[in-house]
Amino acid sequence: MATVTEEARTEERRVGSAREVLQVFLKLGVSCFGGPIAHIGYFRHEFVVRRRWLDEQAFADLVALCQFLPGPASSQVAFSIGLMRAGGLGALAAWTGFTLPSAIILVLFAYGAGALAGPTGAGLLHGLKLVAVAIVAQAVWGMARRLCPDRERASIAVVAALIILFSTTSAAQIGAILIGAIAGLWLCRGAPPPATGHLAIPVSYPVGIAALAAFFALLVALPLARSLGAPQGVALFDAFYRSGALVFGGGHVVLPLLREAFVTPGYLGDDAFLAGYGAAQAVPGPLFTFAVYLGTVVAAPHGLAGAALGLVGIFLPGLLILVGALPFWDVFRRRAGAQAMMRGVNAAVVGLLGAALYNPVWTTSVKAPGDFAIALVGFALLTAWRAPPLLVVVVSALGGMALS
């Protein structure tokens, strides 16, 4: 009876309100710089270390699932955390809070109000990129200690990192995770099962099946409607939806698809496309909000209507397939063989994070000893001083401007 009571209390602590979720994710939406890999580091600090909304194992499994599915991985993780905390309204609150700040900034930039110029602006942007170095390094350090405690899982992480480092295709992410699953099934059966990690998902099987059906129906119906002469808004929505549905890993991987969908047909030129890409790099939140900029500047429909089509179109497929997969995920991961596979997958995710720490995070940010010094200070603030990420953002931004 005592055990049941304790489990009930634990479950009660995991239940919150949509308002609470919105407040937390709004804070993250204005402070999460650095792209999807860095966002995972922010989420781990906020929800595993600080708030304890879920444990390390459940978080790692959630990240593995979202890395495996098409769509924006960090936004899918945010949506899932909100769903687990406060149901459907919590999921909507998490997505809104995390996405809205960057979407608003990019709409303003599209109207000419978001550009930064001169050495001070360049230094500020560079300092924000150095935030990502500290955040990702902290995530790799913390997750490696928990998820790669033996030589088998450490070796899987190294192999996964090598696959990513020496590959030039986005499919390498999926290959590394699959190899991690196979290696885990072979090497990790002897490890003790996790003591915690129940992934409570408030999504029923019928809802999951309906979400999967909607995902594939739209993927087929939108191009068909476009070929039959549907209005330009449908064609625009189809371009965003296909880009969001066919990309794995999220973030920068979606950019070639969006360029093919918008620059090649002549919706806008390369200069405007690259200007929006630069702005998307500079703002917090998910890089997928680049679609908001594109929807605002295309010929028709443009402005706020185009921005809304871009925002919904780019995120909808990833969220639909996530909702479709979630009801089956917890049953799968609790089986003995599945647990071994997930140990391997979790180790592979650590390898993916480690590879991303080098490229693109390190290679595009650390160019001089001063850059390394700023990143090192940020890492020390996060790990030794337990400083909030927002403070690290401020310190790194000021450091970047000082070195400019």
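Colleague: What percentage of the 404 residues of the protein count as buried?

Modeller: In this predicted model, 52% of the 404 residues count as buried.

Colleague: How many helices and how many strands does the protein have?

Modeller: There are 17 helices and zero strands.

Colleague: Which residues touch the most other members of the largest nonpolar core?

Modeller: Phe25, Phe43 and Phe262 do, in a core of 125 residues. Helix H5 (residues 73-110) gives the most to this core, namely 15 residues.

Colleague: What is Phe262 in contact with, leaving aside its neighbours within four places in sequence?

Modeller: Its partners are Leu236, Ala239, Phe240, Tyr267, Leu268, Leu294 and Val298. Each counts because heavy atoms lie within 4.5 Å.

Colleague: Why is the aromatic pair of Phe25 and Phe43 called edge-to-face?

Modeller: The ring centres of Phe25 and Phe43 are 5.9 Å apart, and the limit for a pair is 6.5 Å. Their planes stand at 70°; the edge-to-face class takes angles over 60 degrees. Therefore Phe25 and Phe43 form an edge-to-face pair.

Colleague: Which parts does that pair of Phe25 and Phe43 tie together?

Modeller: Phe25 belongs to helix H2 (residues 18-29) and Phe43 to helix H3 (residues 35-50), so the pair joins parts 18 residues apart in sequence. Phe25 and Phe43 are both buried.

Colleague: What makes the pair of Phe43 and Phe47 tilted?

Modeller: The angle between the planes of Phe43 and Phe47 is 55°. Stacked needs under 30 degrees and edge-to-face over 60, so the pair falls in the remaining class, tilted. The centres are 6.1 Å apart, again within 6.5 Å. Phe43 and Phe47 are four residues apart in helix H3, so about one helical turn separates them. Both are buried.

Colleague: Which residues do ring pairs link into a cluster?

Modeller: Phe25, Phe43, Phe47, Trp53 and Phe98 are linked in this way. The count of aromatic pairs comes to 15.

Colleague: How do you know that H4 is roughly perpendicular to H6?

Modeller: The axes of helix H4 (residues 56-68) and helix H6 (residues 118-147) cross at roughly 110° and come within 11 Å. The roughly perpendicular class runs from 65 to 115 degrees, so H4 is roughly perpendicular to H6.

Colleague: Which residues make the contact, and what are their classes?

Modeller: H4 supplies Glu56, Gln57 and Ala60, while H6 supplies Met143, Arg146 and Leu147. By class, the contact of H4 with H6 has three nonpolar, one polar and two charged residues.

How values were computed. Residues numbered from 1 in each chain as written. Predicted model: local features only at pLDDT ≥ 70, side-chain atom pairs only at ≥ 80, totals over all residues. Heavy atoms only, no water. Core = buried A, V, L, I, M, F, W, Y, C linked by side-chain atoms within 4.5 Å. Buried < 20%, exposed > 50% of the residue type's maximum accessible area, 1.4 Å probe, protein only. Helix = DSSP H or I, 4+ residues; strand = E, 2+ residues; numbered from the N terminus. Phe/Tyr/Trp six-rings, centres within 6.5 Å; stacked < 30°, edge-to-face > 60°. Axes fitted to C-alpha atoms, helices over the stretch in contact; angles between N-to-C directions. Parallel < 35°, antiparallel > 145°, perpendicular 65-115°, else oblique. Nonpolar A, V, L, I, M, F, W, Y, C, P; charged D, E, K, R; others polar.
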